[in-house]
Amino acid sequence: MSSEKETIEEHDDDSDSEPVKAHGHDHKDPSLAHHAAHGATKAEIWRVFFVLVVLTGLELGVVKFHIGKTPMVLALVGLALAKAYAVAMYYMHLKGETKIMKFMVYLPMLFPATYAIVLMLEAIARLFGHRA
Amino acid sequence: MSEAAEHAAHEDIVDEHFGAASDGKVGMWIFLLTDAFSFSGLLLAYAILRAGAQPVRTLVEGKLVEQSWPFYAADGEPRLGIGFTAVMTFVLICSSVTMVLALNAAQNRNKKGLITFLGLTILGGAFFLCGQAFEYHHLIERGLTLQKDHMMATFFTVTGFHGMHVFTGVTYLTIIWVQCLFGKYSKGDYNNVEIAGLFWHFVDLVWILVFTFVYLLPVDIKELGP
């Protein structure tokens, strides 16, 4: 019988493919609140996609229409960081993770960020500092 | 023992979701951080090399232009095709969307949706790799090899390192996809799909940054006149 086969299949697989049992209860009951904590809704997914496409379009626009070097650099960096933030927060679901998980991701990234800022300040000081 | 602990001991739970995130998820995030450091190192090196580069003068369509980073090649053509790469960027973003939709399907125990969206993600990644190969071929044909100058050396290193991640990601996702065909991950056990998704989104995220800093930012030219 097919139902028998199903049960046998379920037990033959390794523990990973069994219905997830966590937090002390079976996940067979579809509690929407629980799932919301673990996944993005379809509407959210498409909204973020739309934002990413718009931001990419803006990036291309900034390059195409010459707005001056400094505004271009600032705009491009800002847009890129915004896109990265959107992907990390919503697609990688960092927004729904615990505080400590977010900390775990932000804290180490302060190092390259600091290095980048120091490099930029140094370059600016070296190139434009003498003309005081 | 507390009541909860007693209950847990009785139930013989495979405790893969202790706390809020599984071991695998935490592990993948930590790995992605180390990977982010690698890419940060490459991008910062690129920035340092670019800042220290001597301005280059080339003839572009009869006009003499000066660039801090030789964006235009000797034949007057831009070295990097932004339009083509914009399409590649869009495809990679789309593959990120299909990845999230695949995870969404897995969470809703929708086997068919999972297989479809995961398959589309793999195709998107493969398309990106083909585009990258095509671009490399085109550049090398014009003599713009890794040995040419600073710009090409950093270009090939950064995009090559990223391309390797795309290739690894495609392989990784294909293995997961084959497992999905056999019924795995669509019975509520979507953790491995989520972890693979994290890697794929990271690949997309890095490309967003690479596209901006390597392709778009260097486009600054100062015309010096005819």
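A: With burial: 53% of the 226 residues in chain B are buried. Note that this is a predicted model.

Q: How many helices and strands does chain B have, and in which pattern along the sequence?
A: Chain B has 6 helices and 3 strands. Along the sequence they run α-α-β-β-α-α-α-α-β.

Q: What share of the contacts in chain B joins residues 24 or more positions apart?
A: Among contacts with a separation of 6 or more, 73% join such residues.

Q: Which residues have the most contacts inside the largest nonpolar core?
A: A nonpolar core is a set of buried residues joined through side-chain atoms within 4.5 Å. The largest one here has 91 residues, and those with the most contacts inside it are Tyr91(A), Met92(A), Leu114(B), Phe155(B) and Val214(B). Helices of both chains each supply at least two residues, including α4 (69–91) of chain A and α4 (111–141) of chain B. α6(B) gives the most, with 18 residues.

Q: Which residues is Leu114(B) in contact with, leaving aside neighbours within four places in sequence?
A: Among them are Ala102(B), Ala105(B), Ala106(B), Cys180(B) and Val193(B).

Q: Is α6(B) enclosed or open?
A: Count its buried residues: 24 of the 26 are buried, so α6(B) is largely enclosed by the rest of the structure.

Q: What span should α6(B) have, and where does it bend?
A: At 1.5 Å a residue, its 26 residues should span 38 Å. The end C-alpha atoms are 36 Å apart, which agrees. α6(B) bends by about 25° at Val210(B).

Notes. Residues are numbered from 1 along each chain as its sequence is written. Chains are lettered from A and ligands numbered from 1 in the order in which they are written. This is a predicted model: local features need pLDDT of at least 70, side-chain atom pairs count only at pLDDT 80 or more; totals for chains, interfaces and linings use all residues. Side-chain values use heavy atoms; hydrogens and water are left out. Helices (H or I, at least four residues) and strands (E, at least two) are DSSP runs, numbered from the N terminus. Buried means under 20% relative accessible area, exposed over 50%, partly exposed in between (1.4 Å probe, protein chains only). Contact means heavy atoms within 4.5 Å. The expected span of a helix is 1.5 Å times one less than its number of residues. The bend at a residue is the angle between axes fitted to the seven residues ending there and the seven starting there.
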